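Here is a short report on sheets and salt bridges. Please look over the structure first.

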2 protein chains.
Amino acid sequence: MRQPFCFVGILNGCPRGELTARRAPWYRNVGVLRSTQRGKGNSLLPAHVALNDKVRRCSLQARSTDVSSSTAMGGSAPSTMTENGTAVFRRLLDPQRELLNSTSVFLFDCDGVIWLGDKLIQGVPETLDYLRSLGKRCFFVTNNSTKSRAGYVKKFTSLGLKVSPEEIFSSSFAAAAYLESKNFKATGKKVYIIGEVGIEEELDLLKIPHIGGPADKDKQPRMGPGDKLEVDPDVGAVVVGFDRYFNYYKAQYANVCIREHGAEFIATNTDAVTHLTDAQEWAGNGTMVGAIRGCTQVEPTVVGKPSPLMIDYLANKFQIPKSEICVVGDRLDTDVLFGKRNGTRAVLCLSGVTTEERLFSQNEVIPDYFCDSISDFKPR
Amino acid sequence: MRQPFCFVGILNGCPRGELTARRAPWYRNVGVLRSTQRGKGNSLLPAHVALNDKVRRCSLQARSTDVSSSTAMGGSAPSTMTENGTAVFRRLLDPQRELLNSTSVFLFDCDGVIWLGDKLIQGVPETLDYLRSLGKRCFFVTNNSTKSRAGYVKKFTSLGLKVSPEEIFSSSFAAAAYLESKNFKATGKKVYIIGEVGIEEELDLLKIPHIGGPADKDKQPRMGPGDKLEVDPDVGAVVVGFDRYFNYYKAQYANVCIREHGAEFIATNTDAVTHLTDAQEWAGNGTMVGAIRGCTQVEPTVVGKPSPLMIDYLANKFQIPKSEICVVGDRLDTDVLFGKRNGTRAVLCLSGVTTEERLFSQNEVIPDYFCDSISDFKPR
């Protein structure tokens, strides 16, 4: 059972803190990490964070000399970085008061929050039912562009969850919505796709013409003397999503469209790794986007997390301030950053890739609250 | 005929300067570009340079109010950036005094300096003969890793030039030499190659074991539930060179080796574009390197231009100061930068991709001298 009060400690160093954490789990409701200058010989060990990468050092160590009561810091106030550079990580303890009273829209990351691979996370259906019973609107956001929203509905249904396509924000949809917001169709141009069927299906729904995608799977340009890759001069945008059939033909096609014809370079996301299977971390869309950035030297417009597109859309649709939106995710570098960068609240769930140790080992991305899973959103 | 004196003008703006330049070619021996703050509403138009990219604005405009005589600046001194932020571009006029007296080793870029595609540039054989008759050592450097040095000897021979493999520095050789300098063989590890036969041949010469390369051309990992891409745990380095058969299998193989097994990420070069054919600019090794950087979030060790490896090697081999080495190339962002960043002299030839207008339109990379072609190295 959790203790009703908070313990504040200086969290730093490794591995002594792991032992401490196991011995005294009741103090883990709040963690404080002093921001230290890196590599400058500070008396505290420097805090390390490797965004989008494995954290190589853990930092969790309570120092008895720096312990004080958290009540002095206002109890249920969200996690913060204080003026003296101290990061405060706060566990969600009173969901009604701390979160639900002030939130009307929840934006849930899927993998690591709703499901893990092909398995539903315990307590999710009841939590979603509870939130909806309070009149909260729930949306589901994923950077995976290989499926369309219709494709995701099937996945939700197979897990016993009732979700409509309108409640799903896949980055494939985000790419199509972005083009629609720019009135792309009116240009008479078409889209060249590096990516899979999800992007095609979403563009089809908006009747935006497209070429490339899975059809270019096995193509190879002719590269003999005098050869060139002829591209459709009507390509006005290149959308780059995860593509397990990425090849040199696609790279050169995108390169010519962007460099020579001024097509806009749009990335569904730039995630370094993705979870194609549970057995391994797989090279993500950062691979394909990095390739096109590498040859064109052009920075893409990113439409998935952590770009503001989806949050702007929801704030506008429901005419609410962004502070009434809460992003819920299991990753600091996409989910929490996505929320914090765009003016929403952000809750980190420890049900996915981020451990408590990893959370405390960095001070660059600070969620408003952290919790074990979204089951903690219900009253106990 | 060129005038024996120099004209100094403020070069900026577009397109009036193009007219001026055509009308008064005799003043083109020296160009001066004032360094201006970009985008800050300066009264001069900002100077623009897009390294590794097409320059979208040209900047060549003589302003009569800012004209002065170049003799005040010391005549044959190399091009410089002066203390007040003025870039001085100086044409090579007296090769013996300005260049040959102080240079013992020449490091020539190939494409755009020695040949253009499959055609020898006029005057090259005579110039190389002349330099060798003076006891100068000539080396030929290329970032193209698809051929080994043996492969390049064939190309030189086919153009009627006599060059030995030891005089050639391809980035495929640079990768092998780098591994040799680190005593990689002693680790008992092997190299995973993304790239073509040039890298394989160079590693073979040094008896460094390798896998991947062309053999992985058509491979695709299994990505069903529970699948993972098993990699050879003995891979200690991943060498990434230009690979027209790049695919997702290779990206994921490199990703796992680098992320999970700590293999070193080595790039032969990061050129955005390459000249596979004369008809088009093709996506270069920046594509493959960008892809692996994008999924691993690791920065590569770059062994080709503009890294210092080859220059260090030559300075050490001949026991000469780097100031006695001169890099000769047709690109600002690789060749000239390669020299200037590493303490050598650098001459830009206008016989390749860089025009005089492009040279003058930037102030970030300043060659010691510029000339039409290496024929200008001979006395007139």
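A salt bridge here is a side-chain nitrogen of Lys or Arg within 4 Å of a carboxyl oxygen of Asp or Glu. The model is predicted. It holds 30 salt bridges over all chains.

One of them joins the side chains of A:Glu196 and A:Arg244, at 2.9 Å from N to O. A:Glu196 sits in the loop between strand S11 (190-194) and helix H6 (197-205) of chain A, and A:Arg244 in the loop between strand S13 (235-240) and helix H7 (248-261) of chain A, so the pair ties together parts 48 residues apart in sequence. Both A:Glu196 and A:Arg244 are buried.

A:Asp243 bridges to A:Lys250, with the closest N and O atoms 2.8 Å apart. A:Asp243 is buried because its relative accessible area is 1%, under the 20% limit. A:Lys250 is buried too, at 0%. A:Arg91, A:Glu356 and A:Asp372 form a salt-bridge network.

## A salt bridge in chain B

B:Lys182 and B:Glu264 meet through their side chains at 2.8 Å, N to O. B:Lys182 lies in the loop between helix H5 (171-181) and strand S11 (190-194) of chain B, and B:Glu264 in strand S14 (residues 264-267) of chain B, so this pair ties together parts 82 residues apart in sequence. B:Lys182 is partly exposed, at 45% relative accessible area. B:Glu264 is partly exposed, at 21%.

## Strand pairing

Chain A has an open sheet of 6 strands with parallel pairing, in the order S10-S9-S6-S18-S19-S20. Its edge strands are S10 (168-170) and S20 (369-371) of chain A. Twist averages 20° from one strand to the next.

In chain B, S15 (residues 273-277) and S16 (residues 280-283) run antiparallel, joined by 3 bridges. S15(B) and S16(B) form a hairpin with 2 residues between them.

Definitions and conventions. Residues numbered from 1 in each chain as written. Chains lettered and ligands numbered in written order. Predicted model: local features only at pLDDT ≥ 70, side-chain atom pairs only at ≥ 80, totals over all residues. Heavy atoms only, no water. Pairing = 2+ DSSP bridges. Helix = DSSP H or I, 4+ residues; strand = E, 2+ residues; numbered from the N terminus. Axes fitted to C-alpha atoms, helices over the stretch in contact; angles between N-to-C directions. Buried < 20%, exposed > 50% of the residue type's maximum accessible area, 1.4 Å probe, protein only.
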